[in-house]
Amino acid sequence: MASTTTSDGNRSPKSPEEPHIPARSRIFADLTPLRTSPDYRRLWCGNTVSWMGQQMTALAVSLQVYALTHSTFSVGLVGLCSLVPLVVFGLYGGAIADTVDRRTLGLFSASGATVLSVVLATAALAGYHRVWLLYTVVALQAVCFAMNSPARSSMIPRLLPTEQLPAANALNSLTSNLGLMGGPMLGGVIVGLWGYQAAYLIDVAAFSASLYAMWRLPSMRPDQGDGARRRASVLDGLRFLATRPNLRMTFFSDMAAMVLAQPRALFPAVAVLWFAGDAKTVGLLVAAPAVGAVLGGLFSGWLGGIRRHGLAILLAVASWGAAIACFGLSRHLWLGLFFLAVAGCADTVSMVFRSTMLQAATPDRMRGRLQGVFIVVVAGGPRLGDFLTGSAADLTSPETAVIGGGLACVLTVALLGLGRRAFARYDARDPQP
């Protein structure tokens with residue numbers, strides 16, 4: 001396969017000649033990355049299968065903890081056991097990914113996650129049901145994910161030409177949201193029919209797809225610029241980010257959405273107060289943004305024709321905030337679900353372009369660390385948003401918290417755009433960090 005040289009001096013594969021289809025004329029997701037790069041195709045398929053298995057395991061662990069404790073607080077601690085390692089090790093996982101062969105790091109971290117699923121399955125088969133073991137395994141799985149994700153994300157710009165990155169990130173978003181939707185549903189069915197051990201054993205088998213994809217990849221040592229191998233520092237990555245305004249804006253805009261306009265914590269309350277519903281209504285509210293995100297991924301073909309990625313991010317995040325504010329005004333369930341789905345679709349568009357900017361405008365030697373920061377923001381932002389929205393609702397009302405948060409998101413994004421006008425002019429054909 002021929003290659004081209006990117007702006008940071010790396011060699012990226014060049015797509016073979018294909019019949020030209022204008023990106024704006026596409027409707028469904030652009031599958032070009034899957035057709036042109038066997039390595040990316042294996043990586044995507046392996047991640048899709050393993051992610052579904054991970055979501056099945058996440059539900060199975062929560063169900064098992066509740067069965068052992070009958071405590072919702074204990075179930076909530078499962079999320080905390082996952083969040084803390086993601087935040088703490090996300091940055092260090094990125095730094096390691098900028099030092100060692102990313103393929104090797106991906107293999108070791110995926111192997112570690114596989115072994116942990118074997119531990120869960122073995123304990124369940126042996127009848128050894130201990131909450132402390134479940135908490136420990138969840139925390140260690142989060143460490144493996146924090147090591148694996150920056151390595152895997154940093155590989156993609158080495159496997160595909162720059163113009164295919166939006167399509168690849170849309171496909172990755174589709175994998176993530178389908179797993180979040182389908183994994184728990186499938187996990188619930190499997191646990192109900194065959195027990196926790198069945199879900200854990202299926203997760204073990206699912207990880208084999210990810211391991212095979214990583215094993216088939218070529219060596220992925222990070223480009224060190226001057227050729228000298230040196231230790232990658234987390235602080236160096238943060239200093240680099242501090243001097244790159246366009247990359248900083250991708251994080252600021254995402255935090256505006258996830259921290260200021262995150263209504264998830266209020267779904268149990270608004271299901272009763274606004275829609276006179278019950279637990280099934282809460283389930284619909286939780287699922288609606290994911291449905292919108294999946295639809296955004298399925299109908300993402302037109303995203304490849306957008307060149308002003310910064311402007312697209314600002315508009316997408318503002319659309320998220322506006323949709324959340326409209327949700328706060330709705331008192332008919334199906335109208336509320338519609339606005340939540342619109343918000344989820346807008347989030348997919350924002351994620352596609354934020355990920356693409358991080359990959360295209362970041363030198364290869366820094367990609368792992370920037371992806372580590374990305375993990376921290378994605379993992380921590382919604383949790384902080386849950387706390388802020390819940391506190392605001394207690395002080396005022398759920399309606400004020402949701403509408404005010406949505407409008408605050410729109411206002412913040414407008415101020416960010418005015419304060420950094422060059423971000424709106426960012427051109428994908430000349431990626432500047």
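How many residues does helix α9 have, and how far does α9 reach from its first C-alpha to its last? Sixteen is the count: α9 has 16 residues, 245–260, and reaches 21 Å. That is close to the 22 Å expected at 1.5 Å a residue. The expected span is 1.5 Å times one less than the number of residues. Helices here are DSSP runs (H or I, at least four residues), strands likewise (E, at least two), numbered from the N terminus.

A word on the source. This is a predicted model: local features need pLDDT of at least 70, side-chain atom pairs count only at pLDDT 80 or more, and totals for chains, interfaces and linings use all residues. Residues are numbered from 1 along each chain as its sequence is written, and side-chain values use heavy atoms, leaving out hydrogens and water.

Confidence next. pLDDT is the predictor's confidence in each residue, from 0 to 100. The chain averages 86, and 92% of the residues score at least 70. Helix α12 is highest, at 96; strand β1, residues 3–5, is lowest, at a mean of 42. Residues 1–12 stay under 50. Where pLDDT is low, the predicted coordinates should not be read in detail.

Back to α9. Its buried residues include L247, M249, F251 and M258. Buried means under 20% relative accessible area, exposed over 50%, partly exposed in between (1.4 Å probe, protein chains only). What covers them? Among the elements are α8, α12, α13 and α14.

Now salt bridges: a side-chain nitrogen of Lys or Arg within 4 Å of a carboxyl oxygen of Asp or Glu. The whole structure has ten. R102 meets D98 at 2.8 Å, N to O. R102 is buried, at 1% relative accessibility. D98 is buried too, at 0%. D364 meets R158 at 2.9 Å. D364 sits in the loop between α13 and α14 and R158 in helix α5, so the pair ties together parts 206 residues apart in sequence. D364 is buried, at 1%.

Then R331 and E399, with closest N and O atoms 3.5 Å apart. R331 is in the loop between α12 and α13, E399 in helix α15, 68 residues apart. R331 is partly exposed, at 33%. E399 is partly exposed, at 35%. Salt bridges that share partners join D98, R102, R158, D364, R367 and R369 into one network.

Last, the loop between β2 and α1. F28 lies there. F28 is exposed, with a relative accessible area of 57%.

Terms used: Contact means heavy atoms within 4.5 Å.
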